[in-house]
Each structure stands twice: as structure tokens, then as C-alpha cells.
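Dear colleague,

I am passing on the structure we spoke about, together with an account of what was found in it. Please keep it open beside this message as you read.

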Amino acid sequence: MDIKWIFLLIGYLVFQWLKRRRQRSPQPLPEVESQTPPEQQEMPDWLRNLGLGELFEEADKKEKVEEFFEQLVENKITPIACGGDHTIPLPILRAIAKDTPVGILHFDAHADTLDELVGDRINHATFLRRGYEEGLVDPKRVIQIGLRGSRFALDDIQFGYDVGYTIITMDEY
């Protein structure tokens, strides 16, 4: 079977900084999953044996997330990940953007570009800053849509503007 891409629904908030809890995948994403024809749901043994379910169920497994996505890249499979806690994108970016920075289409109410939050530099509010600093994202190909609501710092949204992200706030939408 020749798999070119894989759509992953990540339904766990395994690295949440306030508390750890499970959350189902956002609706209606499970409906999209169930509409996949059975013949397209087959996967090779090497992919099935990577333990995807366990990967996202256990806390503090950022290294395992990165290793999983490295396997996909090595096998020339493009991952599309949706859902999960916002600390998951950083290990994914580290795996898929080692050689070439990538673009990101980011739908969120918050910018996720803080330098730190409550003394922690890697959490749900910092992945787009860390990705930029590590050279994993191409700022000219980052689009943030839907920014609104509370800000954690005065420069919360400003970082994206300063580095060249395209930002579409809810006021502009």
C-alpha cells in the first residue's frame, strides 16, 4: 500500500500545563474519520505497530511524539494532525521541519507566541514562538486565523506581526 499522507485526530490534552485530562476529538472531526472508505483505512504493519494510541494517551511523551512523526517523514508520509494540546505541534515540527521550515495554517483564539507562561517556555501558549526560534517555521507561510479574546501579555499578538506572520483577527474576519 502506497500511503502519501495520513490524517491524525489527536483527542488528548496530554501535556496541558494546568492539569492533565482526556478530551474527545473536537466535533465533527470523528464524523470525517468515520466517512473514510474501509479500503482506505488499511495501513501497513510498520505504521500500525508504532503504537499511535498509546503515544498520545500517556503524559510527558514529547520524545515519542517526535519519534513517531520522524517515522512518517522517513517513509515519505505527509502528516496532517488535528486536535490535541498545543504542546504537541512543537515535537511534530521538530520531526517534519528538520531540513526545511514549513508553513502553518493556525486556527485559534490565541496566538500561542508567548515567550513563557508561568515560568514554562514549552507549553500550550508558546509553540509558534519556539518553532520560529528553532527555524522550524517559515514566518512568511504562517497564517493565524481567528485571534481574539484574552491576552496573556501585552506583546502576546505582537510577536507574530513582528516576525512576519499573517494574522487575521476576529475583528477583521
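Please bear in mind throughout that this is a predicted model.

Taking the pairings in turn, strand 5 and strand 6 run parallel and are joined by five bridges, and among the residues involved Val102 has Val137 in strand 6 as its bridge partner. Strand 6, which covers residues 137–147, also pairs with strand 7 in the parallel sense, here over four bridges, and the bridge partner of Ile145 is Ile168 in strand 7.

The side chain of His106 makes a polar contact with the side chain of Asp108 at 3.4 Å, and another with the side chain of Asp112 at 3.1 Å. Leaving aside residues up to four places away in sequence, His106 touches His86, Ala111, Asp112, Phe127, Leu128, Ile143, Gln144 and Ile145.

Gln144, which is thus one of the residues touched by His106, has its place in strand 6 and counts as buried at 0% relative accessibility. With the residues up to four places away in sequence again not counted, Gln144 touches His106, Ala111, Thr113 and Leu128, and also Tyr165, Thr166, Ile167 and Ile168.

Turning to the helices, helix 6 covers residues 89–96, and its buried residues are Leu90, Pro91, Ile92, Leu93 and Ala95. What covers these buried residues? The cover includes helix 5 (62–74) and helix 7 (127–133), together with strand 4 (78–83), strand 5 (102–107) and strand 6.

How do helix 5 and helix 6 lie against each other? Their axes come within 8 Å and cross at roughly 35°, and the crossing is right-handed. On the side of helix 5, the contact is made by Lys62, Val65, Glu66, Phe69, Glu70 and Val73, and on the side of helix 6 by Pro91, Ile92, Arg94, Ala95 and Ile96. By class, this contact has seven nonpolar and four charged residues, and no polar ones.

One further residue belongs with this part of the chain. Ile88 lies in the loop between strand 4 and helix 6, and at 1% relative accessibility Ile88 counts as buried. Although Ile88 and Asn123 are 35 residues apart in sequence, the distance between them in space, C-alpha to C-alpha, is 9.0 Å.

With kind regards

Technical notes
Residues are numbered from 1 along each chain as its sequence is written. This is a predicted model: local features need pLDDT of at least 70, side-chain atom pairs count only at pLDDT 80 or more; totals for chains, interfaces and linings use all residues. Side-chain values use heavy atoms; hydrogens and water are left out. Two strands pair if DSSP finds at least two bridges between them. Helices (H or I, at least four residues) and strands (E, at least two) are DSSP runs, numbered from the N terminus. Buried means under 20% relative accessible area, exposed over 50%, partly exposed in between (1.4 Å probe, protein chains only). Contact means heavy atoms within 4.5 Å. Axes are lines fitted to C-alpha atoms, for helices over the stretch in contact, and angles run from 0 to 180 degrees between N-to-C directions. A crossing is left-handed if the near helix is turned anticlockwise from the far one by less than a right angle, and right-handed if clockwise. Ala, Val, Leu, Ile, Met, Phe, Trp, Tyr, Cys and Pro count as nonpolar, Asp, Glu, Lys and Arg as charged, and the others, Gly among them, as polar. A polar contact is a pair of N or O atoms within 3.5 Å; within protein, one must be able to donate a hydrogen and the other to accept it, and residues adjacent in sequence count only if both atoms are side-chain atoms.
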